[in-house]
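Me: I would like to go through this complex with you. Please have a look at the following.

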Amino acid sequence: MENVSRKGKKTDNPGALLHTIESRLPPTVRQRLGNTWFRLHPFITSFFDKLSRNLARFVRGIVPQAVAIIIALLVGALVLWATGHSPIDAYSQLFAGAFGDSYGLGQTLTQATPIIFTSLAFLFAFKSGLFNIGAEGQLLIGGMAAALVGISFTNLPFYVHLPLALLAGAGGGALWGFIPAVLKAKLDAHEVITTMMLSYVALYVTSYMVNYPFKAPGWVAQTPLIAPAAELPRILPPTQLSGSIIVALTMVGITAFVLQRTTLGYEVRAIGLNATAARSGGINVKRGMILALVISGTLAGLGGAGEILGVERRFIDHFSPGYGWDGLAVALIGGLNPFGVVLASILVGALRSGGMVMNRVTGVPLDVIYLVQSLVVLFAAAPQLMKYLSKRGVLTLRTAGRVLTRFKSILKNVRRRLKEEEL
Amino acid sequence: MVNILDIINIGLFAAALRMATPLVYASLGGVFSERAGIVNVGLEGMMLMGAFTGVLTSFYTGNAWLGVASAIFTGGLFGLLHGVLTVKFAGNQIVSGTGINLFALGFTAYMSQTIWGSRGASVSVPGIPVISLEFLKDSVPLVGSALDTLFSQSPLVYLMFIVVVLSYIVLFKTPVGLRIRAVGEHPAAADTAGVNVYRTKYMCLIASGMLAGLGGVFLSLGTLGIYVLNMTNGQGFIALAAMILGRWKPFGAFAASFMFGILFALQIGLQSTGWLPPQIIQATPYILTVVVLAGFVRKAKAPSDYKPYEKD
């Protein structure tokens with residue numbers, strides 16, 4: 001694709017742009033840049049070239065998602081209006097709450113963190129053609145494992161205790177991903193049903209653990225506080241933003257690397273594209289599927305550990321407001337791309353943290369956000385629908401434009417006649 | 001100590017029938033859609049929408065039967081939505097179904113808060129009264145109050161038997177059923193033979209949604225006459241498991257659902273004994289679903305070709 005500038009001149013060679021910049025520089029500066037500049041020039045050019053090409057691809061990829069989000073927000077506004085709330089009030093409160101100040105921003109990122117993990121989890125399994133809709137369960141088990149390690153030791157140094165707790169979380173999630181993985185690979189049990197069912201099991205099992213064996217003294221169903229050595233530090237007090245987000249972003253990088261640059265990633269993607277072809281290509285499909293679901297569970301489990309060690313500092317019964325269920329929605333909004341997922345998580349995190357402010361100020365039920373989110377999923381289910389809608393939209397705009405030009409020319413005619421008559 | 005015979009008796013059988021009813025309806029819905037070649041993960045959401053609209057209609061009109069009708073209608077509507085997304089626009093069936101589940105959860109929670117001021121539950125509304133089958137009670141040579149519970153069920157329970165038989169006849173004994181199965185197995189061949197593939201898929205999905213809606217409304221209006229947040233609680237997925245276990249056949253789905261019904265009833269019975277902590281007992285149906293799915297479906301092969309069909 002070429003970039004066409006406003007004047008219609010082709011500027012697909014960013015080098016031309018650099019040349020123009022260079023020619024505008026004062027002669028002394030140009031001289032001083034001289035030799036080095038000349039040598040660096042091709043590298044810089046190719047860098048800009050790559051950047052612009054990637055940017056163009058990114059923008060093209062993001063358009064359907066953006067359309068889906070906008071339509072979903074409009075439908076949400078319709079629901080708000082129909083139930084007697086002011087959509088403008090609600091949405092402006094939401095936006096102000098999510099991005100208005102550093103506290104809001106911190107809370108947005110706090111909410112986004114676990115969602116980055118769970119959407120990465122969904123994404124990784126999805127690349128191998130599996131639907132892990134049970135990230136919620138893996139997150140809960142991972143959180144519980146981390147909490148147990150956090151409360152079990154009291155005198156470990158932080159550089160042992162914290163990694164140990166994180167590892168436990170990863171392991172818990174991996175275990176909860178391993179069960180449906182083996183059932184799928186060995187017994188062909190549908191992973192959509194098993195991961196969903198195991199999420200309920202995790203919900204009740206963790207609830208049992210905080211109600212009986214590991215219950216802290218008192219009325220609330222929760223474990224005791226974890227040892228300070230196991231805590232992930234808070235980054236931006238007074239918000240709850242913790243080091244968990246750094247783990248999350250690291251995982252984004254690792255996931256992208258594994259998927260694109262390693263044999264495992266290649267195998268996983270090959271299985272997802274066509275399992276039969278992958279098998280004839282010599283890939284062990286069952287092993288690949290098991291690994292994909294285990295890694296998926298690991299990511300979700302780490303998310304749970306991050307929440308416990310960074311935000312909650314203990315396992316409270318039902319602490320997750322459904323971060324696991326968000327995974328699927330966010331992975332789709334993020335265009336099933338690890339970096340897109342970060343943006344999408346921040347968007348959904350903003351809906352969540354801003355939604356709480358909206359709820360407090362305007363009394364609009366928070367659930368309108370889940371409604372908007374589910375609509376995005378429905379749109380994302382059928383990319384052809386988005387194409388159809390945008391085509392329709394373009395057609396409507398074009399017709400409207402035509403009508404408008406027609407109207408203008410009529411007006412012109414009328415004006416001319418009036419003038420003629422005056423004369 | 002509670003005697004085991006206090007749990008296992010005719011009362012258990014009656015409770016199992018009651019517990020199985022929504023599963024039977026929903027799994028029949030699953031049978032219809034999968035026979036036509038479409039996975040319906042959205043059963044859960046369709047049930048929830050049915051449960052909610054049933055209570056809503058009953059709340060405004062005071063007539064529970066209108067509630068049932070509206071639930072069937074809403075279920076059908078969401079079946080149609082699933083059809084539009086997956087048949088017309090060739091969308092991903094699992095994503096679409098999950099979208100319906102998420103939508104149902106968000107929508108019902110929002111509306112429940114708007115209408116009744118509570119996210120958790122609705123007010124109590126008129127439910128469907130039970131019908132007592134006196135002639136059966138007299139004809140069975142057993143005495144005791146247990147029989148009262150067995151033959152005093154919601155009319156939707158009796159209707160269930162009719163629907164199971166009807167589904168079987170429609171799917172396996174009529175030309176329509178043959179067309180449905182042909183569309184699921186080999187859409188191109190069916191198309192060549194003059195079957196309208198798209199219309200058949202739409203019809204099946206609408207039927208699927210209507211059955212799920214009916215199953216859902218039994219949960220809310222069939223027993224208590226109240227809507228509770230996320231009251232389906234994964235039953236749509238259990239119904240899917242029952243459908244697979246029943247080999248995509250109406251009687252099979254019925255039998256599998258009834259088995260789940262017995263397990264649920266046992267679970268309720270166990271809960272009253274206090275032998276185990278409630279959370280563990282609550283987790284059992286889900287564990288059992290996984291075990292059943294993993295242990296007994298080894299040879300189960302889905303009958304259908306699930307790819308979206310595109311006409312040349």
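Me: Which residue follows helix 6 of chain A, and what is its phi like?

Reply: Helix 6 of chain A is followed by A:Asp188, which has a positive phi, near 60°. Helices here are DSSP runs (H or I, at least four residues), as strands are (E, at least two), numbered from the N terminus. This is a predicted model, in which local features need pLDDT of at least 70, side-chain atom pairs count only at pLDDT 80 or more, and totals for chains, interfaces and linings use all residues. Residues are numbered from 1 along each chain as its sequence is written, while chains are lettered from A and ligands numbered from 1 in the order in which they are written.

Me: And how many residues does helix 6 of chain A have?

Reply: It has 30 residues (158–187). From first C-alpha to last it reaches 42 Å, close to the 44 Å expected at 1.5 Å a residue; the expected span is 1.5 Å times one less than the number of residues.

Me: Switching to chain B: where is confidence lowest?

Reply: In helix 1 (residues 4–7) of chain B, at a mean pLDDT of 57. pLDDT is the predictor's confidence in each residue, from 0 to 100. Helix 3 (residues 43–61) of chain B is highest, at 95.

Me: What ipTM does the complex get?

Reply: The predictor gives an ipTM of 0.88, with a pTM of 0.85.

Me: How many residues of chain B are in contact with chain A?

Reply: 39 residues of chain B are in contact with 41 of chain A, contact meaning C-beta atoms, placed from the backbone, within 7 Å. Helix 5 of chain B gives the most to that side of chain B, with 14 residues.

Definitions and conventions: Two residues are in contact if their C-beta atoms, placed from the backbone, lie within 7 Å.
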